[in-house]
Amino acid sequence: MPKQIFTEIQSKKLKKLGILNSLDLLLHLPLRYVDETKLDLIKDIRPGFMCQIEAKIISIEVSYRPRKNLTVHVQDKTGELKLRFINFYPSQIKQFEEGKILRVYGEIKLNSFLFEMIHPQYEFIKIGAPLKNFYTPVYPTTEGLSQKLIFKLVKKVFEQENLDEQYPDYFGKLYLEKKLPSLLEALQLIHKPKKEYEKKLFDEKTSIFHQRIIYDELLAHQFFFRGKYHENKSYKSKPILYSDSIQKKFLNNLEFKLTNQQQLVFLEITNDLNQSYPMYRLLQGDVGSGKTVVAVMAALQAINSGFQVAFMAPTEILAEQHFEKIKSWLSPLGIEVELLTGSMNPKLKKRSYEKIKSGLAKLIVGTHALIQEKVDYKSIGFYIIDEQHRFGVRQRLALKEKSESNKNFEPHQLMMSATPIPRTLAMNYFADMDISIINEMPPGRKSITTKIFASEKRNQILDTIDQNCLSGNQVYWVCPLIEESETLQLETAERTFQDLSNYFVNHKVGLIHGRLHSKEKKEIMEEFKKNKIKIIVATTVIEVGVDVPNATLMVIENAERMGLSQLHQLRGRIGRGDKESICILLYQKKLSDIAKRRLKVIYENIDGFKIAEEDLKLRGPGELLGLRQSGLPSLRIADLDRDQELLSIAKTDADFLLKKRPKDVLMHINRWHRNYQDVGRS
Ligand code: ADP
Ligand code: MG
């Protein structure tokens with residue numbers, strides 16, 4: 001055991017940064033670096049640049065009006081410069097004495113034709129004191145932990161004996177082949193880059209030393225996911241056989257023909273179901289690409305082989321809608337479809353439970369309720385999880401645990417997501433799953449035209465709405481998402497509802513929002529579906545999955561507040577039938593830069609995968625993948641966008657190492673993450 005390096009107080013502060021031991025500290029990498037290896041001359045400085053100057057104090061000036069100000073005038077042999085302090089201690093004033101020599105570092109600003117530095121970093125020195133021969137690291141920090149102290153502690157860690165033993169390279173040959181430095185060398189140079197290196201590479205975390213650390217982190221990450229992937233294949237499932245006759249019957253009744261990609265994806269799924277280990281597959285496809293029917297066909301296989309199937313949706317509206325649709329597809333085949341949601345009345349619920357237990361219910365559509373303790377399946381063989389991104393990843397695991405207690409074999413799982421992410425990222429990131437992608441829309445879809453209006457011009461669109469309703473079509477009016485206040489959101493929705501109701505006396509207007517009871521929600525959606533309600537004012541409850549092909553116009557208020565994927569999902573509610581659709585985005589002035597860029601992306605693109613790519617650029621993968629709420633071990637240093645190439649190398653290597661070097665894999669995982677410990681169970 002290495003001896004205690006940090007004092008108790010230091011440990012406490014370090015803990016705030018998530019640093020629990022010396023390795024954590026070494027992995028607490030600098031955010032950027034300061035170049036104190038050379039001096040600039042005052043005559044050469046330019047505003048906006050970071051500079052280091054060595055100069056003599058020529059005068060000091062303290063003023064209290066209009067605000068507190070300490071100005072120190074300094075001079076080198078080429079010019080003069082002002083150092084300005086707004087927050088300062090009286091003791092600081094005394095420090096500055098005429099004639100003293102200073103080395104200052106900071107950004108140059110131009111203030112009424114004079115150069116100055118505000119709150120520069122400074123140090124009193126003797127003339128000719130040597131300059132640093134390394135770039136100075138700047139760490140993420142917390143109150144009470146100065147940069148100097150962190151640097152000192154890092155140094156202390158590196159000064160220990162037997163460092164090589166403490167930080168061995170588990171896969172030495174691999175690193176050698178890749179021309180990557182050793183872990184220790186990498187860490188040492190990241191914390192103290194020699195001035196011979198190009199600083200930019202360190203600032204951007206693309207130096208070879210960073211690459212080594214990032215690769216290691218991604219490797220740990222892939223050990224986790226690929227470990228799960230292989231582990232999954234070691235479980236037992238009962239193979240589900242393909243039946244041609246049942247599929248034919250189903251397809252004969254279906255009101256449309258499958259697209260090529262729907263067929264291909266269905267084949268991939270059938271192939272999985274046919275194995276004696278569980279399917280664990282993510283089906284990605286843009287909004288409206290027709291994932292549901294593929295899932296139902298897969299369900300049909302399972303039912304035909306004597307299993308029950310659970311079809312889980314994130315909201316009650318969606319569950320009910322799926323239920324209706326699936327019932328209409330499967331009832332003609334004599335298959336009993338059942339609904340189970342949390343808000344169903346106790347009597348109905350009880351009946352559902354019974355049917356599920358007796359095995360009478362073959363396909364059960366529902367919400368979360370489907371995986372709660374009270375549900376006792378007779379023979380669950382297949383879970384379908386719609387809009388998987390809405391559940392977060394943990395749900396997936398919970399599902400597994402539940403079924404494990406049921407039987408000696410695992411049910412198959414199909415997850416569906418309409419938040420498409422670029423293919424390579426999906427494959428590498430969701431490396432614990434197999435992935436299928438539908439990348440084509442059913443034929444005959446008419447295009448959606450997107451228009452953008454400033455909110456004050458909203459009256460101009462009333463006419464468009466009127467025309468739309470008169471020609472028999474329907475309208476969504478989506479009210480802003482007000483994160484801070486649900487009440488406020490509700491108020492806006494209600495006001496809009498009133499306004500529109502007063503204006504459109506001849507068209508029925510409806511209002512739907514999250515606070516309504518599910519029965520009311522259902523009734524309103526029903527009326528909308530039946531074209532009784534012409535204009536529906538909605539909060540973002542309609543975001544996922546609602547399918548009313550006759551709705552051809554959507555107005556989205558405060559579109560500037562919404563994320564790209566949300567806007568895309570919302571817009572995907574229209575353009576579902578064979579008529580041209582229009583989506584009108586209203587925005588409130590004045591737009592932030594990021595909002596402008598988002599609106600531009602949504603205006604110019606209709607393809608969800610393309611939008612996701614842009615989203616990736618704007619937000620970064622962490623947000624895009626919902627990593628924060630996923631409950632999965634997060635990445636400290638690697639960046640899924642910047643490091644995509646390394647990620648895919650790490651994935652391949654992880655597969656190899658998991659097989660050949662399981663012990664070292666565990667060591668590596670332990671080094672990297674306490675959370676990764678349940679890997680490699682098999
Ligand atoms: P999503 O992939 O967003 O879940 P859905 O499964 O809800 O999309 O499908 C959207 C609509 O397209 C539904 O009304 C569905 O019945 C219809 N649909 C699905 N596949 C086809 C197809 N091949 N041809 C025509 N319509 C289709
Ligand atoms: Mg769907």
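1. The element names follow DSSP runs numbered from the N terminus, with helices being H or I runs of at least four residues and strands being E runs of at least two. Asparagine 558 has a phi near 50 degrees, a positive value in a residue other than glycine. With a relative accessibility of 7%, asparagine 558 counts as buried. Here buried means under 20% relative accessible area, exposed means over 50%, and partly exposed is in between, using a 1.4 Å probe and protein chains only.

2. A word on the basis of these remarks. This is a predicted model, in which local features need pLDDT of at least 70 and side-chain atom pairs count only at pLDDT 80 or more, while totals for chains, interfaces and linings use all residues. Residues are numbered from 1 along each chain as its sequence is written, chains are lettered from A and ligands numbered from 1 in the order in which they are written, and side-chain values use heavy atoms, with hydrogens and water left out.

3. Lysine 179 also has a positive phi, near 55 degrees, and is a residue other than glycine. You will find lysine 179 in the loop between α6 (172–177) and α7 (183–191). Is this lysine 179 buried or exposed? Lysine 179 is exposed, at a relative accessible area of 68%.

4. Two cis peptide bonds deserve a look. One joins arginine 65 and proline 66, with omega about 0 degrees, and proline 66 sits in the loop between β2 and β3 (69–76). The other runs from lysine 589 to lysine 590, with omega near -5 degrees. Lysine 590 belongs to the loop between β21 (581–587) and α21 (593–604).

5. Next, the strands around β5. Strands count as paired if DSSP finds at least two bridges between them. Strand β2 (residues 50–63) and strand β5 (residues 101–111) run antiparallel and are joined by seven bridges; across this pairing, alanine 55 stands opposite leucine 102 in β5. Strand β7 (residues 121–124) pairs with β5 over four bridges, in the antiparallel sense, and there valine 104 faces tyrosine 122 of β7 as its opposite residue.

6. Strand β5 has a further antiparallel partner in strand β6 (residues 114–118), again with four bridges. In this pairing lysine 109 is opposite glutamate 116 in β6. What phi does serine 112 take in the hairpin of β5 and β6? Serine 112 takes a positive phi near 35 degrees, and the hairpin has two residues between its strands.

7. Ligand 1 has 17 residues around it, and Gly288, Lys291, Thr292, Arg445 and Asp547 come nearest. A residue is taken as near a molecule or strand if one of its heavy atoms lies within 4 Å of it. By type, the shell divides into four nonpolar, six polar and seven charged residues. In this sorting, Ala, Val, Leu, Ile, Met, Phe, Trp, Tyr, Cys and Pro count as nonpolar, Asp, Glu, Lys and Arg as charged, and the others, Gly among them, as polar.

8. Which atoms of the protein lie close to ligand 1 in polar terms? An oxygen atom of ligand 1 is 2.6 Å from an N or O atom in the side chain of threonine 292. A nitrogen atom of the ligand is 2.8 Å from a polar backbone atom of lysine 257, and a polar side-chain atom of lysine 325 is 3.1 Å from a ligand oxygen atom. Ligand 1 taken alone exposes 560 Å², of which the protein buries 88%; these areas come from the Shrake-Rupley method with a 1.4 Å probe, and for residues only the protein chains shown count as cover.

9. On cysteines, the count of disulfides is zero, where a disulfide is a pair of cysteine sulfur atoms within 2.5 Å. For cysteine 469, the nearest cysteine sulfur is that of cysteine 583, 16 Å away. Cysteine 469 is buried, at 5% relative accessibility. For cysteine 479, the nearest cysteine sulfur is also that of cysteine 583, at 14 Å, and cysteine 479 is buried with a relative accessible area of 0%.

10. Last, asparagine 468 is in helix α17 (residues 462–470) and counts as buried at 13% relative accessibility. Its side chain makes a polar contact with the side chain of threonine 552 at 3.0 Å. A polar contact is a pair of N or O atoms within 3.5 Å; within protein, one must be able to donate a hydrogen and the other to accept it, and residues adjacent in sequence count only if both atoms are side-chain atoms.
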